[in-house]
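Here is a short note to read alongside the structure. Please take the points one at a time, with the view open beside you.

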Amino acid sequence: MARKALGITLLVLVASSGCTFLDALGPNVQARGPGAAYDSYLAEAETVVVEIDHAPGALWDEDTPAEEQFVDELERVTAAEIEIRVDEELPEQGEDYAYALGELRDLHAERQDTEVANDTEVMHVLFLDGRFAQEGTLGLSFDTRAFALFKGEIRDSTCENDAPVCQLPCPDDEVVCERKATPATREWKVTRAVGIHEAGHLLGLVNSPLPMVQDHEMSEDPEPDTPAQENRSHSSNESSVMWWQLDSAADIREIGEGGEVPWRFGEQDVADARAIQAEG
Ligand SMILES: [Zn+2]
């Protein structure tokens with residue numbers, strides 16, 4: 001019974017979650033935050049090293065094309081070669097452990113080994129086994145060069161592995177019934193989509209602060225009664241990986257129709273990147 005109650009609470013709370021620390025603060029541009037190094041990533045670097053530190057067992061599924069497609073998408077928008085470097089194994093915390101923002105910042109400060117150099121940029125990625133303090137958060141870009149993926153939360157969002165939300169009975173709860181009817185999106189596909197989405201925030205996509213050739217930032221806050229502004233930094237193009245619902249566990253279940261979620265940058269995202277590359 002306890003697990004069922006947890007599942008219901010999750011459905012209610014996740015609606016307010018955002019996927020960038022920026023979202024929580026409001027403004028699109030921060031001196032030191034996701035997007036602050038956009039020109040360096042998109043136009044100046046010849047190589048972007050993606051340094052991955054991970055909890056035991058929390059990484060790409062090697063039987064799938066997830067890692068390769070993550071690289072391909074980043075190479076599609078940057079002018080750089082993307083080099084994945086799987087680095088340290090982090091302490092195991094368990095899939096129910098909730099990381100605070102301060103812990104993420106500490107891990108980033110202590111564990112990033114690759115240095116930013118003349119032609120080399122770095123993306124520091126934490127593949128964590130648990131969740132973020134704000135329930136329902138699948139991924140979070142939280143610094144200029146860092147984002148985290150929460151594999152415990154991602155696992156539960158997919159209806160694989162007997163996630164509690166998938167076992168709920170649904171006599172009266174229409175929302176839950178609908179979700180039960182939706183084929184499960186595979187865990188690796190959610191990991192791929194959320195990873196590319198968070199990388200997109202570090203690249204400054206969707207006006208944050210990379211300028212837009214053609215306006216494609218969502219004009220209205222899709223959930224106006226919540227503190228997060230899900231529209232900021234997110235695309236109005238539903239087929240772009242920068243679509244706002246890549247933010248949260250509940251939303252990804254909603255858009256996971258046919259087991260697919262968008263995982264590629266939209267045409268407008270690519271056009272914005274090309275424009276700044278052409279300036280250089
Ligand atoms: Zn986002």
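Predicted model: local features only at pLDDT ≥ 70, side-chain atom pairs only at ≥ 80, totals over all residues.

Which residues are linked with E95 in a network of salt bridges?

1. The network of salt bridges links E95 with K151, R155 and E187. Within this group, E95 and R155 meet through their side chains, at 3.9 Å from N to O. E95 sits in the loop between β2 (81–89) and β3 (98–99), while R155 belongs to helix α6 (residues 151–156), so this pair ties together parts that are 60 residues apart in sequence. With a relative accessible area of 35%, E95 is partly exposed.

2. R131 is in strand β5 (residues 131–132) and E153 in helix α6, so here the parts tied together are 22 residues apart in sequence. Are these two buried or exposed? Both R131 and E153 are buried.

3. A salt bridge can also be found inside one helix. R76 and E73 both lie in helix α4, 3 residues apart, which is about one turn of the helix. Their closest N and O atoms are 3.1 Å apart. E73 counts as buried, at 1% relative accessibility, whereas R76, at 26%, counts as partly exposed. For the whole model, the count comes to 11 salt bridges.

4. Now for the rings, where the count is 5 aromatic pairs. One of them joins W60 and F70 in a tilted arrangement, 5.1 Å centre to centre with 50° between the planes. W60 lies in the loop between β1 (47–54) and α4 (66–77) and F70 in helix α4, so the pair ties together parts 10 residues apart in sequence.

5. W60 also pairs with F127: the ring centres are 5.1 Å apart and the planes stand at 70°, so this pair is edge-to-face. F127 is in strand β4 (residues 120–128), 67 residues away from W60, and the pair links distant parts of the chain. Together, ring pairs join W60, F70 and F127 into a cluster. W60 is buried at 8% relative accessibility, F127 is buried at 0%, and F70 is buried too.

6. Finally, please look at W263. The charged end of R192 sits over the ring of W263, 4.0 Å from its centre. The charged end of R264 also sits over the ring of W263, at 5.7 Å from the centre.

Definitions and conventions: Residues numbered from 1 in each chain as written. Heavy atoms only, no water. Phe/Tyr/Trp six-rings, centres within 6.5 Å; stacked < 30°, edge-to-face > 60°. Helix = DSSP H or I, 4+ residues; strand = E, 2+ residues; numbered from the N terminus. Buried < 20%, exposed > 50% of the residue type's maximum accessible area, 1.4 Å probe, protein only. Lys NZ or Arg CZ within 6 Å of the ring centre and 35° of its normal. Salt bridge = Lys/Arg side-chain N within 4 Å of Asp/Glu carboxyl O.
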